[in-house]
Amino acid sequence: MSQDTFTSPLLDRLARRLFGAPLVNNVWRGELVEEMVAMALEPEWEHCGGDYAGCDLLHPETGHRMQVKQAAARQSWGMSLSGPRFSIAHKTGEWVDGARWVPGRSRNADIFLFAWHDRTDEEADHRDRDQWQFYVVREVDLPDQKSLGLPTIQSLAQPCDWQSLRKTVEYLIPVSASPRSMDAGSSPG
């Protein structure tokens, strides 16, 4: 059996097992949401998948970096979350090019995208991009704390759907702005 003959059925089986049900396990839901966001922002933004990437998405032209955080009210194990928390803790350093550790306190992103799936009914489907709410916040607008609850995120940004995600990101990060020169301001209304 050739490698190609084996690889395709293997990947098909994994896709069915990991993403074949409407409620995706926490381990894989983050990957799913990152890909959703990448699809909304491509080709300007690139997904930084792989081991030890310093951020989730990168805008190569400007150098802006994005971190994607996600949570869902209905979980694959049957429980429902009413008050999600999203980590925004400063890191002690970052991996550069996936191979070199550079120490330094930062959040390793210029923009944070918080995705919230609030459905708890039988129609809840984590794979459905239209069931997600996205909140886009510049790093400079985040408070100096380790995590945020949804009410705080909602006070920092208006929700947007998948179709308007690109427009929201482009409003917050003009192409002409360098990553470290973005001043504090408000989100689009």
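Which element gives the most to the lining of the largest pocket? Hi everyone, let's take that one as our way in. The answer is α2, with five residues.

A word on the model before we go on. This is a predicted model, in which local features need pLDDT of at least 70 and side-chain atom pairs count only at pLDDT 80 or more, while totals for chains, interfaces and linings use all residues. Residues are numbered from 1 along each chain as its sequence is written, and side-chain values use heavy atoms, with hydrogens and water left out.

Now the overall layout. The chain has four helices and nine strands, where helices (H or I, at least four residues) and strands (E, at least two) are DSSP runs numbered from the N terminus. Starting at that end, the order of elements is α-α-β-β-β-β-β-β-β-β-β-α-α. There are 189 residues in the chain, and 41% of them count as buried. By buried I mean under 20% relative accessible area, with exposed over 50% and partly exposed in between (1.4 Å probe, protein chains only).

Rolling a probe the size of a water molecule over the atoms shows where empty space is left. Here the search runs on a 1 Å grid over the protein atoms alone: a cavity is a set of points where a 1.4 Å probe fits but cannot get out, whereas a pocket is an open set with protein on both sides within 12 Å along at least five of seven lines, and lining residues have an atom within 4 Å of a point. The largest pocket comes out at about 270 Å³, a volume being the space filled by probe spheres set on the points, with grid points joined across faces, edges and corners. Its lining has 16 residues, and the closest to the centre are Gly 30, Glu 31, Glu 34, Asp 56 and Val 68. Both α2 (26–41) and β3 (64–72) supply at least two residues of that lining. By class, we get five nonpolar, seven polar and four charged residues.

At the start of α2, a side-chain oxygen of Asn 25 comes to within 2.7 Å of the backbone nitrogen of Val 27.

On to charges. How many salt bridges does a search of the whole structure find? There are nine, each being a side-chain nitrogen of Lys or Arg within 4 Å of a carboxyl oxygen of Asp or Glu. One of them pairs Glu 122 with Arg 74, at 3.5 Å between the closest N and O atoms. That pair links distant parts of the chain, 48 residues apart: Glu 122 is in the loop between β7 (111–117) and β8 (132–138), and Arg 74 is in the loop between β3 and β4 (85–87). Glu 122 counts as exposed because its relative accessibility is 67%, whereas Arg 74, at 16%, counts as buried. Asp 125 and Arg 127 also meet in a salt bridge, at 2.9 Å, N to O. Of these two, Asp 125 is buried at 17%, and Arg 127 is partly exposed at 33%. Asp 141 and Arg 138 form another, at 3.2 Å, and both residues are buried. Salt bridges that share partners also join Glu 44, Arg 166 and Glu 170 into one network.

Finally, two spots for your own viewer. Ala 71 in strand β3 is buried, with a relative accessible area of 7%, and its C-alpha is 8.2 Å from that of Phe 114, 43 residues away along the chain. Asn 108, in the loop between β6 (100–106) and β7, has phi near 60°, a positive value in a residue other than glycine. Asn 108 counts as buried, at 6% relative accessibility.

Key: Nonpolar A, V, L, I, M, F, W, Y, C, P; charged D, E, K, R; others polar. Polar contact = N/O pair within 3.5 Å; in protein donor to acceptor, adjacent residues only side chain to side chain.
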